[in-house]
Amino acid sequence: KIGDSEFEAGVTAISPHPALDHVFAAGSYDEYVRIYDHRKMDQPMAKVCVGGGVWRIKWHPSCWDGENDRDSGKMLVAAMHGGCEVVNVSALSGTPSGGN
């Protein structure tokens, strides 16, 4: 269960990381994409604002083989007001880039 207090609006998208079994992204109407480790659900590993409620999250194809650490946090996010945007959570270290 994702923490009820973390989200200010409904969760609209969840996408498991294709190579890291314990990692997933969750998007919400509150304009944020959060990256979680299911082994430690009390708080997100990273959080990035994407300018509008999140409709869809798709991990970058380079994430699928698990060999390219540089792109392991790259995803395409479709948001209501922000449109489509490539977001990169640098090697899932909790330092997001992209977003508003």
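Me: Hi! Among contacts between residues at least 6 apart in sequence, what share join residues at least 24 apart?
Reply: Hello! That share is 40% in this protein. Keep in mind that we are looking at a predicted model.

Me: Good to know. How many helices and strands does the protein have?
Reply: The count is 0 helices and 8 strands. Reading along the sequence gives β-β-β-β-β-β-β-β.

Me: And what percentage of the residues is buried?
Reply: Buried residues account for 43% of the 100 in the protein. As for the surface, the protein exposes about 5500 Å², and 50% of that comes from carbon and sulfur atoms.

Me: What holds paired strands together in general?
Reply: Backbone hydrogen bonds do, in either a parallel or an antiparallel arrangement.

Me: How many bridges join strand 1 to strand 2 here?
Reply: There are 5 bridges, and the two strands run antiparallel. One of the pairs is S15 with A25, the latter in strand 2. Strand 1 and strand 2 also make a hairpin, with 6 residues between them.

Me: How many bridges are there from strand 2 to strand 3?
Reply: Strand 2 (residues 23-28) is joined to strand 3 (residues 32-37) by 5 bridges, and this pair runs antiparallel. V23, for instance, has D37 in strand 3 as its bridge partner.

Me: I'm curious about S28. Is that residue buried or exposed?
Reply: S28 has a relative accessible area of 0%, so it counts as buried. S28 lies in strand 2.

Me: What does S28 touch, if I leave out neighbours within four places in sequence?
Reply: The contacts of S28 are F7, A9, G10, V11, T12, R34, G53 and V54.

Me: Nice. How many salt bridges does the protein have by the rule used here?
Reply: The count comes to 3. D42 pairs with K40, where the closest N and O atoms are 3.5 Å apart.

Me: How about D37, buried or exposed?
Reply: D37 has a relative accessible area of 12%, so it is buried.

Me: Switching to backbone geometry: what is phi for E31?
Reply: Phi of E31 is near 80 degrees, a positive value in a residue other than glycine. For background, most residues other than glycine have a negative phi.

Me: Where does E31 sit?
Reply: E31 lies in the loop between strand 2 and strand 3. With a relative accessible area of 30%, E31 is partly exposed.

Me: Which residues make the nonpolar surface patch of about 350 Å²?
Reply: Y29, W55 and M80 make that patch. Y29 has its place in the loop between strand 2 and strand 3. At 48% relative accessibility, Y29 is partly exposed.

Me: Last one, S72. Where is that residue?
Reply: S72 is in the loop between strand 5 (54-59) and strand 6 (74-79). S72 is buried, because its relative accessible area is 10%.

Me: How many residues apart along the chain are S72 and W59?
Reply: They are 13 residues apart along the chain, and their C-alpha atoms are separated by 8.6 Å.

Notes
Residues numbered from 1 in each chain as written. Predicted model: local features only at pLDDT ≥ 70, side-chain atom pairs only at ≥ 80, totals over all residues. Heavy atoms only, no water. Pairing = 2+ DSSP bridges. Helix = DSSP H or I, 4+ residues; strand = E, 2+ residues; numbered from the N terminus. Patch = residues over 30% accessible without salt bridge, like charges linked within 9 Å, V, L, I, M, F, W, Y side chains within 5 Å. Areas by Shrake-Rupley, 256 points an atom, 1.4 Å probe, with all protein chains shown as cover. Salt bridge = Lys/Arg side-chain N within 4 Å of Asp/Glu carboxyl O. Buried < 20%, exposed > 50% of the residue type's maximum accessible area, 1.4 Å probe, protein only. Contact = heavy atoms within 4.5 Å.
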